[in-house]
Amino acid sequence: MNCLFCKIVAGEIPSTKVYEDETVYAFRDINPQAPTHILVIPKAHIPSVDGINAENSAVVAHIFEVIPTIAAAEKLTNGYRVVSNCGQDAGQTVHHLHFHILGGQELSLQMA
């Protein structure tokens with residue numbers, strides 16, 4: 001598979017890991033849009049939100065259990081944003097499900 005995030009999970013491409021367990025990998029975005037910008041991905045390849053189904057939805061639930069742990073470790077005590085882009089029109093550039101944790105400053109209410 002020629003997926004950037006699958007290669008990161010496999011250790012073929014370096015990343016700055018902030019969290020890992022048996023199903024989830026989280027790392028710092030190389031082009032941060034906020035002082036804290038972390039990507040949280042399932043280790044299993046799911047192309048996007050559109051690829052979530054009954055067979056893999058437990059992985060997504062686990063991601064949302066892990067996100068507060070990551071946010072706390074990053075000291076995002078004043079809040080943070082969780083974003084997932086789905087498809088070209090939404091700006092999804094890597095077709096592997098991922099969630100952005102953005103924080104560390106007051107974020108604009110405008111949609112990007």
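**The sheet and the helix across it**

Modeller: Helix H2, residues 57-73, lies across E1, E2, E3, E4 and strand E5 (99-103), and runs at about 155 degrees to E3. Helices (H or I, at least four residues) and strands (E, at least two) are DSSP runs, numbered from the N terminus. Axes are lines fitted to C-alpha atoms, for helices over the stretch in contact, and angles run from 0 to 180 degrees between N-to-C directions; contact means heavy atoms within 4.5 Å. The model is predicted, so local features need pLDDT of at least 70 and side-chain atom pairs count only at pLDDT 80 or more, while totals for chains, interfaces and linings use all residues. Residues are numbered from 1 along each chain as its sequence is written, and side-chain values use heavy atoms, with hydrogens and water left out.

The five strands form an open sheet in the order E1-E2-E3-E5-E4, with antiparallel pairing. E1 (17-20) and E4 (80-83) stand at the edges with a single partner strand each, so one side of each has no neighbour in the sheet. On average, neighbouring strands of this sheet are turned by 20 degrees against each other, direction ignored. Two strands are said to pair if DSSP finds at least two bridges between them.

The pairings can be followed along the strand order. E1 and E2 form a hairpin with three residues between them; the two strands pair in the antiparallel sense over three bridges. Within this pairing, Tyr19 has Ala26 of E2 as its bridge partner. E2 (residues 24-28) is in turn joined to E3 (residues 36-42) by five bridges, the two running antiparallel. Here Val24 has Pro42 of E3 as its bridge partner, and Tyr25 stands opposite Ile41 in E3. E3 also pairs with E5, in the antiparallel sense and over five bridges. In that pairing, Leu39 has His100 of E5 as its bridge partner, and His37 has Leu102 of E5. E5 and E4 run antiparallel and are joined by four bridges; His100 of E5 is the bridge partner of Val83.

Buried means under 20% relative accessible area, exposed over 50%, and partly exposed in between (1.4 Å probe, protein chains only). E3 is mostly covered, with seven of its seven residues buried. On one side these are Thr36, Ile38, Val40 and Pro42, and on the other His37, Leu39 and Ile41, so that both faces are covered by the definition of buried. E5 is likewise mostly covered: five of its five residues are buried. Phe99, Ile101 and Gly103 lie on one side of E5, with His100 and Leu102 on the other.

His37 counts as buried because its relative accessibility is 5%. Leaving aside neighbours within four places in sequence, His37 is in contact with Phe27, Arg28, Asp29, Asn31, Pro32, His100, Ile101 and Leu102.

His37 also belongs to the lining of the largest pocket: of the 31 lining residues, Gln33, His37, Asn85, His100 and Leu102 lie nearest its centre. On a 1 Å grid over the protein atoms alone, a pocket is an open set of points where a 1.4 Å probe fits, with protein on both sides within 12 Å along at least five of seven lines; lining residues have an atom within 4 Å of a point. The volume of this pocket is about 890 Å³, where volume is the space filled by probe spheres set on the points, with grid points joined across faces, edges and corners. Helix H1 (4-9), E2, E3, E4 and E5 each supply at least two lining residues; the largest share, three residues, comes from H1. By class, the lining has 17 nonpolar, 11 polar and three charged residues. Ala, Val, Leu, Ile, Met, Phe, Trp, Tyr, Cys and Pro count as nonpolar, Asp, Glu, Lys and Arg as charged, and the others, Gly among them, as polar.

To return to the helix, Phe64 lies in H2 and is partly exposed, with a relative accessible area of 41%. Beyond its neighbours within four places in sequence, Phe64 is in contact with Val82 and Phe99. Phe64 and Val40 are 24 residues apart in sequence and 9.4 Å apart in space, C-alpha to C-alpha. In the loop between H2 and E4 lies Lys75, which counts as exposed at 65% relative accessibility. Lys75 has a positive phi of about 60 degrees although it is not a glycine.
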